[in-house]
Amino acid sequence: NESSQQEIPDEYTKISLEDLSEKQVASLKEIFVGDYLCFLDQKDIPSTIDMIVSKMRYGAKLIFSGHDIIEVSRMIMSREIALNLARDFLYSGKACCYTHWEMVDTLQSKGLKISRKILEGPEYTIIMERPDVREEK
């Protein structure tokens with residue numbers, strides 16, 4: 001998404017959502033979503049997540065990030081961050097803001113498992129993994 005200011009790590013190729021939707025099902029080993037979902041209309045998020053998960057191979061990783069709205073609110077109330085910084089976290093072209101647990105719950109409902117969770121102040125990065133069914137047997 002052009003609105004996202006997030007840096008894409010060098011080891012990833014940046015593609016549009018349309019290009020991702022054209023990839024073969026279960027063809028990708030790793031998908032870096034970053035904070036992209038925050039820029040979508042809330043009604044589009046479930047179908048977008050379904051499409052992204054469908055592109056993951058078994059054993060693949062999904063990396064996403066964002067600003068936890070509860071943590072931002074807590075930091076505002078305790079005066080740990082200035083209001084102008086909080087506004088940047090919450091708005092800056094974003095259409096929605098979730099807690100990290102909402103995103104984890106949504107992705108777990110799609111069969112993904114938490115591989116790693118990093119919380120740094122209001123920012124979170126979650127790495128989810130699509131379990132390899134061959135390893136579960």
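Asp44 counts as partly exposed, because its relative accessibility is 32%, where partly exposed lies between buried, under 20% relative accessible area, and exposed, over 50%, computed with a 1.4 Å probe on protein chains only. The model is a predicted one, in which local features need pLDDT of at least 70 and side-chain atom pairs count only at pLDDT 80 or more, while totals for chains, interfaces and linings use all residues. Residues are numbered from 1 along each chain as its sequence is written, and side-chain values use heavy atoms, with hydrogens and water left out.

The partner of Asp44 is Lys43, with which Asp44 forms a salt bridge whose closest N and O atoms are 3.5 Å apart; a salt bridge here is a side-chain nitrogen of Lys or Arg within 4 Å of a carboxyl oxygen of Asp or Glu. Lys43 itself counts as exposed, because its relative accessibility is 63%. A search of the whole structure finds five salt bridges, including this one between Lys43 and Asp44.

Another salt bridge joins Lys110 to Asp50, with the closest N and O atoms 2.6 Å apart. This pair links distant parts of the chain, 60 residues apart, since Lys110 sits in the loop between α5 (100–108) and β3 (113–120), whereas Asp50 belongs to helix α2 (residues 45–54); helices (H or I, at least four residues) and strands (E, at least two) are DSSP runs numbered from the N terminus. Lys110 is partly exposed, with a relative accessible area of 32%, and Asp50 is also partly exposed, at 38% relative accessibility.

The side chains of Arg74 and Glu80 likewise meet in a salt bridge, at 2.6 Å from N to O. Salt bridges that share partners bring Glu71 together with Arg74 and Glu80 in one network. Arg74 is partly exposed, with a relative accessible area of 38%, and Glu80 is partly exposed at 46%.

An α-helix has 3.6 residues a turn, so residues three or four places apart point the same way. Just after α4, Ser92 takes a positive phi of about 40 degrees.
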